[in-house]
Amino acid sequence: REVDVDQSQLIDDGLTPEQRKEIKDEKDNKRMAKQVEADLGGFDVDQEWVEEIEREECFEIEKRYGGAPPIPQSKYEVWMMDASNWQILDTYQLDEYEHGMSMKVMTLSDIPLETVGNNEEDEAEVHDDVPFLALGTGIVDQDGEDVCSKGRILLFQLRRIGDRTAKFELELNFVYDKEITIGPVTSVNCLASEGNSRLVVGAGAEITIEQWGSDKLIQIGFYHCYMQVQDIVIFKNFLLLSDAYDSLHFLVYRESDKSLTLLAKDYEPTNMYAAGLLSRGGTLSFVCHDDRQNLTFLSYAPRDVAARGGNKLVCRSDFHLGTQTTSLDTHFCSSSLIVNSATTDSTLVALKQQDPLYGKLDDDKRFGLHYGSIDGGFGTILPMSEGIYWRLAALQSVMSNALESDCSLSHRAWRLYRRAPRRGGCRSNDRKKGVVDGDLVMKYADLPISDQEDLASAIGSTVDLILDNLLEVGVSSMVV
């Protein structure tokens, strides 16, 4: 929010008229004494004496035209709102020149300071989990770029006000803050390993692991990347780090020595905007979105020849998204068999009794990505089985030739990977085509039945099978 800052202190020096007259008379007496000394010495005071021009002698305060006008200044706050009526329940104002950068609700294990560094039996003890609201901030000084920016980590808890049996309210309870001097806190996340939950902080060019205990955060591990931490995605004890100027880093956390180790990275100098995880069964892929509105699909394959001995993330496919986004979030891909069921639990039980393999196949364990674009759009990225992919890929190829394109533009050229001119020599010229454009293949359902039959026969399939695959894709895109 913006507030008007009073500048009345600029038109008042805090002195009375008598005090101002005394100061002026004292300066006149000193100037006269110097003149007398110069006259007795026989030289000109203007040539031999170098005097500093004071500010008071150049400017005078003129109050006849009014005071200094108020100036708008931004104040940043943390708001807790009621989702039912969007009323503000509580606020917490940040410091001057402090901006909120990241926020996440998490639980941290309360590990006392005495147990840190003890034997394995003490470290294997189960500790209580405490819920927190973690906030990462960035502080830009009023001097701008002359001073390096810093940040803070703030921990809040929700506290009830009033009787539990009657109507009660919630308020933000400030618990702890820690200053980060290496840069602004651009990402916070929770790392759960062997029953203990810890805070992972991305600030500047470093990742630090903070452990909550004895009412304070203690750093127990770190990893230094290259330029600027953009985002941190955690699954199990693995971390996917997106660098703002140096693409993706794939790390692993070891509980034995509290260390972060680099497993592989993408060596292309790509400006990252967002990163996410795509999973189907036991297959895991990394998706990254860059400044050229591209999507790149990478995987960790140590035995692949292109992995350079396992140190490089292998590019599996690429795709031009055509819009900009800053977040890729994971969701579970639902099945078309249960999405319209009013009693989901009973439907699952009936499906498992009818088919003992239901829920154990790779298609029943899929996790996709959804994103919101800066132009107000919403989209999803889904993993598919090999059979469905090749069927829809063939349909996409036929439809791009058979249907009229907008403005007579090439649909294939629009979805090709865009390279930046300054990085043209870093990436090989061959593009990895492995993504089906859902916007194009979904138009199949709106075509006349005669056109649907012609397109289906052209790829050696049937209309019912293609529509069933499109239904599965549409259901898997449902986030809520």
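**Labels and their cut-offs**

Mentor: The chain exposes about 28,800 Å², with carbon and sulfur atoms supplying 51% of that area. Accessible areas come from the Shrake-Rupley method with a 1.4 Å probe, and for residues only the protein chains shown count as cover. This is a predicted model, where local features need pLDDT of at least 70, side-chain atom pairs count only at pLDDT 80 or more, and totals for chains, interfaces and linings use all residues. Residues are numbered from 1 along each chain as its sequence is written, and side-chain values use heavy atoms, leaving out hydrogens and water.

Trainee: What makes S247 count as buried or exposed?
Mentor: Buried means under 20% relative accessible area, exposed over 50%, and partly exposed in between (1.4 Å probe, protein chains only). S247 has 0% relative accessibility, so it counts as buried. The residue lies in the loop between β14 (238-243) and β15 (248-254); helices (H or I, at least four residues) and strands (E, at least two) are DSSP runs, numbered from the N terminus. Of the 480 residues of the chain, 37% count as buried.

Trainee: Which residues is S247 in contact with, leaving aside its neighbours within four places in sequence?
Mentor: They are L241, S242, D266, E268, T270 and M272. Contact means heavy atoms within 4.5 Å.

Trainee: Why is the pair E171 and R159 called a salt bridge?
Mentor: The term requires a side-chain nitrogen of Lys or Arg within 4 Å of a carboxyl oxygen of Asp or Glu. The N to O distance between the side chains of E171 and R159 is 2.3 Å, so the pair qualifies. The two belong to distant parts of the chain, with E171 in strand β8 (residues 169-180) and R159 in strand β7 (residues 150-161), 12 residues apart. E171 is buried because its relative accessibility is 19%, whereas R159, at 42%, is partly exposed.

Trainee: What N to O distance do E472 and R366 have?
Mentor: Their side chains meet at 3.9 Å in a salt bridge. E472 is in helix α10 (residues 463-476) and R366 in strand β22 (residues 366-372), 106 residues apart. R366 counts as buried because its relative accessibility is 6%. A search of the whole structure finds 16 salt bridges.

Trainee: What makes W79, M81, W86 and I88 a nonpolar patch?
Mentor: Patch residues have over 30% relative accessible area and no salt bridge; nonpolar side chains (Val, Leu, Ile, Met, Phe, Trp, Tyr) are joined within 5 Å, and like charges within 9 Å. Together these four have about 470 Å² of accessible area. W86 is exposed because its relative accessible area is 62%. W86 sits in the loop between β3 (77-81) and β4 (88-93).

Trainee: And where is D128 found?
Mentor: D128 is in the loop between α4 (120-123) and β6 (129-139). With a relative accessible area of 61%, D128 is exposed.
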